Amino acid sequence: MVRARTQLSTRLMNVCLAALCRGGSLARAESVLVDAIRLGMPPDVVSYNTLLAAHCRASGLEAGFTVLRRMREAGVGPDAVTYNSLIAGAARSGLTVCALDLFDEMLQTGIAPDAWGYNTLMHCLFRSGHPEDAYRVFADMAEKGVAPCATTYNTLLDGLFRSGHVSNAYRMFRYLQRAGLPVGIVTYNTMINGLCRYGRFDKGLETFLSLLEGGYIPDLFPYCTVISALVKKGRMEEANTYSELMIQSGFRLDSACYNTLIYLRCQEGKLDDAFELLSMMEEGGLESDEYTFSILVNGLCKMGHIEAAQKQLCYMEMRDMESNVVAYNCLVDALCKSDQVDAAIKLLHDMKLKDDFTYTSLVHGLCKVGRYHMASKFLRICLREGNSVLASAKRAVIAGLRSAGFKNDVRKVRSALRMARLLKP
């Protein structure tokens, strides 16, 4: 009777720990554990696993190892869930070797990995650029008789796409369909996104249409993916058709959907419609984000409304948004193309982040107006910061300096280019 009461108390404590950890109250969860031990309610493997997973997510892998040591000191042995959380923590930190060591340690301890453990290790290997090893983990899973779940196949498909094995991903998807294996909406979304993003748009559209014809589209993600891809391909009429279908679908549009529609209107040059969509978005309780501003700034710059684009950037800064290099780059490029290079230089000095595109636009712009000495200066700054510019911009600077008789500057640029090649990882 006493043992049953203790087990019930431990289970109730575990429910409490899980709720506190989900809410991010780790300090309170630790206090509950200490109080429970003081009251004679011994924590079990579930108690420690709950804390270990929460500490890994909140503070990193070392915090998880600390809980593992406490667990062992209390005489509670780890199980597959313990190791799954540690492997996930290693994967989040990009520690692939550590994740593999933990998986091996689990096997040597006599603990059989489950599907979650295999999935996490596969995900880690794909993300760290080892697709062959990830596929071997998948093969080992089948060999050990661990049944793959939908997450297993989704991890495999996403990893194959990211590593450039698009045909293999499509063949795997077709195999899943033929074999009657789990193909849910997440799998379809993975396929549509992967095919559209990695050069097989027609197959992605075909997959989307098969969902549409079957009446099986429970969310808006496939619509946004296909509409964005159609806009990039310049197929505006089709993009508009699917936009109408998305709006008529009955789903409440989220920020991603509004951004997709705003992007479509900007690409069509319909800026009034784009800003009307922005108003609808904000009136519906959704906040515009950095991506929204990038789309609008780019749209305004393309239509030659540079002053309006500058105002949008100011508004973004007023809202304390993170520095948006894409939006700034759009404006730098537009200023340079309209020969306003001094304004572009001033904007560059205000930018917290700069990248290759920033400097390429500026160097090209300076060369265009014959300011080769200044172009060479910014090219050298760019190289010192570890960035680069397009080969055409480098050639324009060197050719311009030669024609203007700046032989010393030509030597400096060539020296900087050689140094950058040597330091390149």
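Tutor: A disulfide is a pair of cysteine sulfur atoms within 2.5 Å. This is a predicted model, in which local features need pLDDT of at least 70, side-chain atom pairs count only at pLDDT 80 or more, and totals for chains, interfaces and linings use all residues. Residues are numbered from 1 along each chain as its sequence is written, and side-chain values use heavy atoms, with hydrogens and water left out.

Student: How far is the sulfur of C330 from the closest cysteine sulfur?

Tutor: The closest cysteine sulfur to that of C330 belongs to C301, and the separation is too far for a bond. C330 is buried (under 20% relative accessible area; exposed is over 50%, partly exposed in between, with a 1.4 Å probe and protein chains only), its relative accessible area being 14%. The sulfur-to-sulfur distance is 6.1 Å.

Student: How many disulfides does the structure hold?

Tutor: C21, buried at 9% relative accessibility, has its closest cysteine sulfur in C16, 9.3 Å away, which is too far for a bond. For C330, the closest cysteine sulfur, in C301, is likewise too far. The number of disulfides in the structure is zero.

Student: What is the distance between the end C-alpha atoms of helix α23?

Tutor: Helices (H or I, at least four residues) are DSSP runs, numbered from the N terminus. The expected span of a helix is 1.5 Å times one less than its number of residues, so the 14 residues of α23 (residues 391–404) should span 20 Å. The distance between the end C-alpha atoms agrees with this, at 20 Å.

Student: Which residues of α23 are exposed on the side opposite its buried residues?

Tutor: The buried residues of α23 are A393, V397, I398, G400 and L401. Seen down the axis, they fall within an arc of 165° and therefore line one face of the helix; the arc is that of the directions from the helix axis to the C-beta atoms. On the other side, the exposed residues are R395, R402 and S403.

Student: Which exposed residues does α20 carry on the face turned away from its buried side?

Tutor: In α20 (341–350), the buried residues are V341, A344, I345, L347 and L348. They cover an arc of only 160° around the axis, which puts them on the same side of α20. The face turned away from that buried side carries D342, K346 and H349.

Student: What is the phi of D339?

Tutor: D339 is placed in the loop between α19 (325–337) and α20. This residue is partly exposed, with a relative accessible area of 42%. Although D339 is not a glycine, its phi is positive, about 65°.

Student: Where does N14 lie?

Tutor: N14 is buried, with a relative accessible area of 8%. N14 and T50 are 36 residues apart in sequence, while their C-alpha atoms are 7.8 Å apart in space. The element that contains N14 is helix α1 (residues 2–22).

Methods:
Helices (H or I, at least four residues) and strands (E, at least two) are DSSP runs, numbered from the N terminus.
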